[in-house]
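Here's a walk through one protein model, written for someone who likes to know the cut-offs. Have the coordinates open and follow along.

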Amino acid sequence: MKNLKKMVKIVMVGALAASLVACSTDKKAEKNDGKIKIGAIQYIEHVSLDNALKGFEDRLKEEGIDAEVEVENLQGDQALTTTAPKKFEKDEYKLVYAISTPAAQGAKTALPNKNIIYSAVTDPVEAGLIEAPDKITNITGVNDAVSAKNQIESFLKIYPNIKTIGTIFSTNEANSKVQVEALESACHDLGLKLESVGINNINDIGQALSTLTGKIDAYYALTDNTVASAGPIVAENLLKDKVPSISAEEGQVSKGLLMSEGVDYYEHGRQAADLAIRILKGEDIKNVHAEDNKTSKKKVNEKTAKALGLDLNNENLKDAEIIK
């Protein structure tokens, strides 16, 4: 009889525990009810890509979309570009946001049946992401291409005696190779010499800077993810040699480069989110054509300008935002 009572108690305790687990599961399901799951793939951590993610998330919230954005940061590991996206192939992820060319290329390869939005991609056609802006399969987005020639022309108004420009680029990024070609063409048209140094990884940046030292009058920063991740190191070394710098994207100005008239990546991310919103609301991705970046800003780093002896009252800086 005692054994029977003991067994009844065990069954009741077990039933109560199961009930509590079920209740907890129900509450969790209720909590997640209505949330849209989005996968995000960021190639590396640096201010510009961080801003592109923040702008994307903020724009979704502004639109009233209750999204849970799950981020995979690849930390610049090329080997993860096609394996990490597999995490988002389940049906519960309604969309994937790929930030940078390597991330977008990997996502396209790994997720042929998933809708993908890219940002921070300079040339999506050259990168093999799309055939043309109006010929979309399962991937579309916003490119971050800027005119190197226009930026340098503006820079020459402040530093008219520049003869040689230097740049560093990652040999592993198709995004960067395209930019170097455009920069070389711009320098040729403007009668300038270009000194470029390719690197394999972030550890090569110190040697690359040493190679450029003494050869250049100014430095041009590409929208290169590997180099951008070492922005403060680049800025510090350039300042030691009193070399003025201009960046194709504004994020690096906050890290110590002198100025930029390039992409505002927070707004860039918001623009990408607008494409995502159309898809999330039911529009066929094939009708969501790829776009050029719409928002650029002129920014100047105040501390760097003072260290270089640049007068912030210069007529050519009158519309610039001064970064403290």
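## Ground rules

Contact here means heavy atoms within 4.5 Å. Buried means under 20% relative accessible area, with exposed over 50% and partly exposed in between (1.4 Å probe, protein chains only). Helices (H or I, at least four residues) and strands (E, at least two) are DSSP runs, numbered from the N terminus.

This is a predicted model, so local features need pLDDT of at least 70 and side-chain atom pairs count only at pLDDT 80 or more, while totals for chains, interfaces and linings use all residues. Residues are numbered from 1 along each chain as its sequence is written, and side-chain values use heavy atoms, with hydrogens and water left out.

## The overall picture

The protein has 10 helices and 13 strands. Of its 324 residues, 49% are buried. Take the contacts between residues at least 6 apart in sequence: 69% of them join residues at least 24 apart.

## Helix H5 and its strands

H5 (residues 174–189) sits in a right-handed β-α-β unit with S6 and S7. Right-handed means that, with the strands pointing away from the viewer, the path from the first strand over the helix to the second runs clockwise. S6 (residues 164–170) and S7 (residues 193–199) pair in the parallel sense over 7 bridges; two strands pair if DSSP finds at least two bridges between them. Thr164 stands opposite Lys193 in S7.

The 16 residues of H5 reach 23 Å from first C-alpha to last, close to the 22 Å expected at 1.5 Å a residue (the expected span is 1.5 Å times one less than the number of residues). Its buried residues include Val178, Leu183, Ala186 and Cys187. What do the buried residues of H5 pack against? The partners are H3, S4, helix H4 (148–158), S6, S7 and strand S8 (218–221). After H5 comes Gly191, with a positive phi near 75°.

In soluble globular proteins, nonpolar side chains tend to be buried together. A nonpolar core is a set of buried Ala, Val, Leu, Ile, Met, Phe, Trp, Tyr and Cys residues joined through side-chain atoms within 4.5 Å. The largest one has 48 residues, and Phe56, Leu60, Tyr97, Ile117 and Tyr118 have the most contacts inside it. Among the elements that each supply at least two residues of this core are strand S1 (36–42), helix H3 (101–110) and strand S4 (116–121). Helix H9 gives the most, with 7 residues.

Beyond its neighbours within four places in sequence, Leu60 is in contact with Ile38, Ile65, Ala67, Val69, Ala273, Ile277 and Leu280. Apart from this core lies another, of 28 residues, among them Ile152, Ala186, Ala218 and Val300.

## Aromatic pairs and a buried arginine

How many aromatic pairs turn up in a search of the whole structure? There are 3. Rings of Phe, Tyr and Trp (its six-membered ring) pair if their centres lie within 6.5 Å; planes under 30 degrees apart count as stacked, over 60 as edge-to-face and the rest as tilted. Phe56 and Tyr97 are stacked, 3.8 Å centre to centre with 10° between the planes. Phe56 lies in helix H2 (residues 47–62) and Tyr97 in strand S3 (residues 93–99), so the pair ties together parts 41 residues apart in sequence. Both residues are buried. The Phe155 and Tyr159 pair is tilted because its planes are at 50°, with ring centres 5.3 Å apart.

Arg270, in helix H9, counts as buried because its relative accessible area is 16%. Leaving aside neighbours within four places in sequence, Arg270 is in contact with Gly55, Phe56, Asp58, Arg59 and Glu62.
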